[in-house]
Amino acid sequence: MPRYIGKEMSRVDGVAKVTGKAKYAAEFRAPNLAYGFIVLGSVAKGTIRAIDTREAESASGVIRVFTHLNAPKLGPKASTEYAPPRNAREQDKSFRALQSDRIYFNAQPVALVVAETYEQARYAARLVKVTYNAEKHTTDTEAVRERARVPSQGPPPRPRGNPEEAMKSAPVKVEAEYRIPIEHHNPMEPHAAVAVWEGDRLTIFDKTQEVYGVRRHLASLFNVPEENVQVISPYVGGAFGSSLRPNYYPSLTAMAARELKRPVKVVYTRTQMFTGHGHRPYTIQKIALGAEASGKLSAMIHEAVHNTSTFEEFSDNTTGFTRQVYACPNLYAPTKITDTDLNTPTWMRAPGAVSGMFALECAMDELAYALKIDPLELRLINYAEVDPESGKPFSSKALRECYRLGAEKFGWKNRKFEPRSMRDGRLLVGWGTATGVWGAFQSPATARITFRGEGTAHVVSATSDIGPGTYTVVTMIAAEYLGLTPERVQFELGDTKFPRAPAQGGSQTTASVGSAVHGAALAVTARLFALANQDANSPLKGAVASDVEMLDGRLRLKNDPSRFVQIAEVMRHNNLTEITETFESKPSEERRKYAMLAHGAQFIEVKVDPDLGTVRVTRAIEVTACGRVINPKASHSQEIGGVVWGIGMALTEATEIDHRYGRIMNPNLQHYHVPVNADVHEVETLFVEEDDQIVNPLGVKGMGELGMVGIPAAIANAVFHATGKRIRELPITPDKLL
Amino acid sequence: MKDYSDETSGPELTADEEALLKEMPTLTDVGQARRTFLGQTITGSLGLFALMLLEKEQALAALGTSPEAVFAAAPALENPVKVVLKVNGATKTLELDSRMVLLDALRERLELTGTKKGCDQGQCGACTVLVDGRRVLSCLTLAATLEGREVTTIEGLAKGEELHPVQAAFIKYDGFQCGYCTPGQICSAVGLLEEARRGEVSHVTEDVTAPVRQLTDDEIRERMSGNICRCGAYPKIVAAIQEAHSGRETARTWRFVEEEELARVRKGGEADETV
Amino acid sequence: MRPFKYVRAINADEAARAVASNPQAKFLAGGTNILDLMKEDVERPNELVDLTRLKLAEIKTAPGGGLTIGALAKNTDTANHPLIRKNYPLLTQAIVAGASGQLRNMATNGGNLMQRTRCQYFYDTAMPCNKREPGSGCGALEGLNRIHAIFGWSEKCVATYPGDMANALYALEAVVRVRNAEGRERTIPIGEFHRLPGDTPERDNNLQHGELITAIELPKSPFAKHSYYLKVRDRASYAFALVAVAAALELDGGRVKQARIVLGGVAHKPWRSPEAEAALSGRPASEESFRRAAEAALKDAKPLAHNAYKVELGKRAVVRALMRASRLA
């Protein structure tokens, strides 16, 4: 019986966060700190003709103005033309600031003003005068849709069965196009870095989801050994994918600091948050579904096209999960990309999945209405018992239970099938559902535990906690397996001085880092057991390491707790004050035999004002099957976050570009509408735990993305049910429902 | 039962831990937080975290100035303004650039980085502080205008070791994830509670001519809408504020599915009538 | 933000004189809009005259039964003043429909009238905008104009006035009292305070440089029982209006004795509809009458490429606001 795992625990970093003591990247102090302010360009494509920095440089407090003319070229690959990488391992073709006169996207950085104070830098940035040789640009994905191609990386998309033939002969068909605008992450903390050089050693405080990734990037750009770069990121004020890649500001900040021989801080403005990292791409999806009259799917053709940049290929594999969600013998689901003069898109919460499932799950709803079959029933009819793509069994899959329990909890049986058939006074009521799916990923990760004789442990791993509660969940895992109370465990993360961990992305952190901590705890246990067994009279004689566990200062037999040794005594006896074990966990070979997915069923109630077109999501139920839940308190917060993101995507969020200028016109939070408190009502979660021995030693699957995946579709389906209007282009703003 | 807060399944307490618990008077104000809050006193948990951060900064603080360091030719402030104000009860005398807003004065001059810069243009609420007891946005408040005013930031809410009830309630209900909007949310909530005590109305107040007493959850949602939380902790923020406002606990909205329920729906087969 | 001289004014005359004597000086009250725009380099004063110490925050009854509201009273205090909640609930509703609690605690009534458009092109100094930079063109006219004007726009500017409070003030026929550097006072009916863009969109209103708003005067109102402020926006709160309606009715039995209809978010100024008001006068307070009034209110709308929805939304919003005002819904 676990003592902590699966039980509610408040965040161990809670007090730090509610008292303002938690420090984020921009908040670290360094002596003689100078302030950098980025100057953004104003054309979408072309070259810089001239750049006049004289006025800026003579302004009060200005130390230097960096432009492509005086900024040092970075890295072994100083070429700015983004030639193909010299070897396959070198994949980083991301945009780098001030490396040439070329303009790749509007609001690209063209200068960095560094001054003694923030006010001085911000003002002088307005004094930099730039003229351009503008070239004809394309920022509208619709305009270059026909030029879409399959990404050069990865296998070409192959059809399953014979989708075209099957589609032709399907008795019931639906076909539609769906559109998702560009969206931006907008974490509350703007990206920031504070860079300090001591000779050729760099310390950088950065907002990142992967300290090791930033280290590798900077070491390569500044031609220093990786060990010379320390990246520190103890708190991250949200990221949602926007800090998976290093972005251009850490190298810009480090460059300025190195040139000026003093610490420099650069913080994005909110406006810079719209071009300073990637975005969820503009995605056009064409879906055709063919089915028997029974509802059985006979053909699925799902084609996605989204934008990438002109200098880098990015694909979020929009249609990836379409291949695995429903049993269907005939399928074609390519994702294609097309070049635009925008910065490269990137992963944004539930990347690909939420976009692809928006289209697929709306199309399933359309099919349900074409068939006159309950939308939930249609999903059960097409339930995939094994992975339709590989034919492999699922390591675990409790999706059917999610559908049924969610339906019960939501009261789905009271739903009237016909649209516009349910009302609450003047308001139209709509109920919609959709399926959520995400991979159960795991990457190699390393953790180190130092167990001290007095019964405390220090645990380290260079992962991040961008908000899901990694500090807490790792503390719980360590406490569980070291037999300590959580307050006797100290966990540190976000620093390259700790062992390597993967990026906090893809909902894989607990599976990866948690497994490493679990492994390290077992290594401590085994070490103590070996030490104890050096004593010929040990009460544990005859047992093997896997028979014993640590609890409350004792090393004891699991099945006979009366046989134990005092850990402190064992250590004293061996003249040890502490034991340190490092463990690298890796995905098991066993995983290859299975398909591994996390699933969920999502139920949404909307109330629509038919006169004014306003939509309120009044009820949301998430039923989630994602293996074992370590800390349901924080997991529930993740689920709520997923719903809130789904509401934003479905109803309010869109990055608007004036294609005449190729410029984002709402790079702020007054016009880019993320949901506010009043947009969010009840969010309930049911956890359907799966006993999955395959995925990883802890049996956990991620949930950070999963909770969002089905929500936009469920909302759009609920809006259809409420109003009879099928809105296929997000967001569903009031004007679309008049 | 998987409930860490449940007395029967919670961990055994050592004498030390019992003593620790008794030192946490705030926690008794917020019901079950008492137990789940274990080990998270300001001295305990915060001490630990502060120490970790301090260590990282210490190395830097020791850094000398490089002999080659470049400084501005004309570093002087234009339009300096002298301001005397109170921040968290302490008198501060500042000579600052007339352009400096309170937010930057707190973060860059007073080492009070608890107040957050989210948008710097009045569109997110992360920089909310209290000026003379009322919640305002520090990003749109010129520091120069604050002569003689009293500023309270997130660092000034706790009384010594005792968290402000709103701070404790945020922990109890998990009213945050990344924590970046949290100081602004909490300062906003503290201001809101006072506004509620004064009977102030909001956009969702049905009859603005009538007195307003207890705030409904919808009232709290509307009144907190000037504080964006991108992690989406809104329902838990509302629960935390509701408890601080009325003492009313909000029931938990998650649970584990029981084995019997699973067995029942698995038995249901294809023609399940719940669907 | 450009360097500026900060001046803390002690009294109104001194403040007005300070601004009048420097063409690049501006008043500073709540700061909620001007500081934002200064950071964006849209506003570029070289001197800010801080008004916050002036004694202009009083709210008191006026001779004749009206109310005088100090220009420096905070929005929050104005909305919650017992006399305003009782006699001018429309004003309370309009104020609390705007911004956020924090912003309303900072914003003053005078400053609220002075807030500038939220047009994206106005905010972005890399884009053309005749309001920000006369002669540079209007980016929105043929660009993104979903949130722009459907009434009273010109080829030079299609921006809207973004505020809520002024819409209610117009329905209540408020008067703005201003004072110049010579100490001379004048009053401007609220309907004449803001301007249509015409050929000079750089001028939002009819104030002279250096004129200081000292008070807003509300006449005695017959509308306290039957008024409603409706705001339709892209999210539930903390967003600018797509369309807003300030509706006020004086009912005589079941009939409309007089009506006031002002639309927000549709023009460069609060847009009052005398046609709709006339259509209601003497008619029964019924959904049918309200529909006729709504048709009249939106009859002359001239939508742009992306905001035709505002015409239909405007009609429906007028009907809903009148239904709520008359307590039929």
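**Figure 1. Strand 11 of chain A and the strands beside it.** In this predicted model, A:Ala192 lies across from A:Val267, a residue of strand 11 of chain A. That position belongs to a pairing in which strand 8 (residues 192–198) of chain A and strand 11 of chain A run antiparallel, joined over four bridges. Strand 11 of chain A is also joined to strand 1 (residues 34–40) of chain A, and here the two strands run parallel and share three bridges. Within strand 11 of chain A, the residue that stands opposite A:Gly36 is A:Val266. In a regular strand the side chains alternate between the two faces of the sheet.

Figure 2. One of the positions to look for is A:Thr450, whose bridge partner in strand 24 of chain A is A:Thr580.

**Figure 3. Chain A as a whole.** Chain A contains 16 helices and 29 strands. Its radius of gyration is 27 Å, close to the 27 Å that the globule rule gives for 738 residues, so chain A is as compact as a globular protein of that length. Taken along the principal axes, the C-alpha atoms of chain A fill a box of roughly 80 × 75 × 50 Å. Of the 738 residues in chain A, 67% are buried. Among the contacts in chain A with a separation of 6 or more, 81% are between residues 24 or more positions apart.

**Figure 4. The contact between chain B and chain A.** This contact takes 96 residues from chain B and 99 residues from chain A. Several elements of chain B each supply at least two residues of the side that touches chain A, including helix 5 (102–109), helix 7 (182–197), helix 9 (234–246) and strand 6 (254–256). Helix 4 of chain B gives the most to this side, with 13 residues. The residues of the side of chain B that touches chain A divide into 50 nonpolar, 23 polar and 23 charged. Strand pairing also crosses between the chains, for strand 29 (residues 682–687) of chain A and strand 6 of chain B run parallel and are joined by three bridges. In strand 6 of chain B, the residue opposite A:Leu686 is B:Arg255.

**Figure 5. Helix 6 of chain B and the residue that follows.** Helix 6 (residues 165–173) of chain B is largely enclosed by the rest of the structure, because nine of its nine residues are buried. Among these buried residues are B:Pro165, B:Phe170, B:Lys172 and B:Tyr173. Helix 6 of chain B is followed by B:Asp174, whose phi is positive, near 60°.

Figure 6. B:Leu77 is placed in the loop between helix 4 (42–61) and strand 1 (80–87) of chain B. B:Leu77 is partly exposed, because 19 other C-beta atoms lie within 10 Å. The C-alpha atom of B:Leu77 is separated by 46 Å from that of B:Gln242, which is 165 residues apart from B:Leu77 along the chain. Chain B averages a pLDDT of 84, and 77% of the residues score at least 70. Over residues 1–41 of chain B, however, the pLDDT is below 50, although this stretch has 66 contacts in the model beyond near neighbours in sequence. Residues 270–275 of chain B also stay under 50 in pLDDT, and the model has 14 contacts for them beyond four places in sequence. Where pLDDT is low, the predicted coordinates should not be read in detail.

Conventions. Residues are numbered from 1 along each chain as its sequence is written. Chains are lettered from A and ligands numbered from 1 in the order in which they are written. A residue is buried if 20 or more other C-beta atoms lie within 10 Å of its own, exposed if 12 or fewer, and partly exposed in between; C-beta atoms are placed from the backbone. Two strands pair if DSSP finds at least two bridges between them. pLDDT is the predictor's confidence in each residue, from 0 to 100. Two residues are in contact if their C-beta atoms, placed from the backbone, lie within 7 Å. Ala, Val, Leu, Ile, Met, Phe, Trp, Tyr, Cys and Pro count as nonpolar, Asp, Glu, Lys and Arg as charged, and the others, Gly among them, as polar. The radius of gyration is taken over C-alpha atoms; the globule rule is 2.2 Å times the number of residues to the power 0.38.
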